[in-house]
Amino acid sequence: MRFQEFSHIKHIKPLSPPEARLHKLKRTTELAKCAVKTEKEAQKHQKSLDIQRKELGKGRPTNNPNQTL
């Protein structure tokens with residue numbers, strides 16, 4: 001490769017303290033929104049599993065001599 005083929009590296013300026021605070025606040029809000037979303041999905045999944053377990057438990061018991069039909 002020739003030297004001209006390399007792209008120039010763009011320098012990123014450091015953030016000023018107020019900009020850094022804003023960036024941090026925005027990032028934490030994004031993380032919090034994602035955490036809430038995943039927690040809601042987990043609770044919804046757990047609720048559906050509980051409902052399935054209850055539905056399976058309502059059937060007639062088999063091979064249980066202690067219960068009458």
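Modeller: A helix here is a DSSP run of H or I with at least four residues, a strand is a run of E with at least two, and both are numbered from the N terminus. The model is predicted, so local features need pLDDT of at least 70 and side-chain atom pairs count only at pLDDT 80 or more, while totals for chains, interfaces and linings use all residues. Residues are numbered from 1 along each chain as its sequence is written, and side-chain values use heavy atoms, with hydrogens and water left out.

The chain has one helix and zero strands. A salt bridge is counted when a side-chain nitrogen of Lys or Arg lies within 4 Å of a carboxyl oxygen of Asp or Glu. Searching the whole structure gives two of them.

One joins the side chains of Arg27 and Glu30, with 3.5 Å from N to O. Both residues belong to helix H1, which covers residues 17–57, and they are three residues apart, about one turn of the helix. The other salt bridge pairs Arg53 with Asp50, whose closest N and O atoms are 3.1 Å apart. Arg53 and Asp50 also lie in helix H1, three residues apart, again about one turn of the helix.

Next comes exposure. Buried means under 20% relative accessible area, exposed means over 50%, and partly exposed is in between, using a 1.4 Å probe and protein chains only. Arg27 counts as partly exposed because its relative accessibility is 45%. Glu30 is partly exposed too, at 43%. In the other pair, Arg53 is exposed because its relative accessible area is 52%, whereas Asp50, at 32%, is partly exposed.

For the chain as a whole, buried residues make up 0% of the 69 residues.
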